[in-house]
Amino acid sequence: MNYSRRFFLVSLTVLLVLTINSCQKESTRTNPEAKKNITGSWKIASVSRNGVDITNYFDFTAFEIQFKEDGSYIVGNQAPFIIAKNGTWSLDDDTHPLRISFTQQGESKAILNEFEYPVVEGVRRIILKGSPGCRSNVYQYALEEIK
């Protein structure tokens, strides 16, 4: 065996050993999704009916809803909204909610609404979508947290 062939085989062997030993097993760990925390006070940022923005047709500035950790909510300063009385709320899933349920005081039937929890222009929002009365009218409320 000539020198260059021996050198090639030794170099190839060293390269192969280094390649095999350089691979490390990765430990993959998934972080669980955090629960959606909507506790706090929220105000109406926008309202639309059937896709038409109607925010400017009513003064929603005084409206406030406070979601408490114990599952209750308080509505302050009434406005045309999904609910009119204080009561309890719950999400259909703590980490990936698609619906929110409101049960007003003195009533047994829950009001269900579609639920989204996006960040819009750096601000966390709650989007509630549903038909509180006539089924042909779909209202969408965008709430912003009051800080």
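## Ground rules

The model is predicted, so local features need pLDDT of at least 70 and side-chain atom pairs count only at pLDDT 80 or more, while totals for chains, interfaces and linings use all residues. Numbering starts from 1 along each chain as its sequence is written, and side-chain values use heavy atoms, with hydrogens and water left out.

## Largest pocket

The largest pocket holds about 290 Å³ of space. I111, L112, S131, P132 and R135 are the closest to its centre among the 13 lining residues. A pocket here is an open set of points on a 1 Å grid over the protein atoms alone, where a 1.4 Å probe fits, with protein on both sides within 12 Å along at least five of seven lines; lining residues have an atom within 4 Å of a point. Volume is the space filled by probe spheres set on the points, which are joined across faces, edges and corners.

Strand 7 (residues 111-116) gives the most to this lining, with three residues. Strands are DSSP runs of E, at least two residues, numbered from the N terminus. By class, the lining splits into five nonpolar, five polar and three charged.

## Second largest pocket

This one comes in at about 190 Å³. Its lining is K35, K36, N37, I38, T39, E69, W89, L91 and D94, or three nonpolar, two polar and four charged residues.

## S48

S48 sits in strand 1 (residues 40-49). S48 counts as buried because its relative accessibility is 16%, and buried means under 20% (1.4 Å probe, protein chains only). Leaving out residues up to four places away in sequence, S48 touches D53, I54, V138, Y139 and Q140, with contact meaning heavy atoms within 4.5 Å.

Conventions. Helices (H or I, at least four residues) and strands (E, at least two) are DSSP runs, numbered from the N terminus. Ala, Val, Leu, Ile, Met, Phe, Trp, Tyr, Cys and Pro count as nonpolar, Asp, Glu, Lys and Arg as charged, and the others, Gly among them, as polar. Buried means under 20% relative accessible area, exposed over 50%, partly exposed in between (1.4 Å probe, protein chains only).
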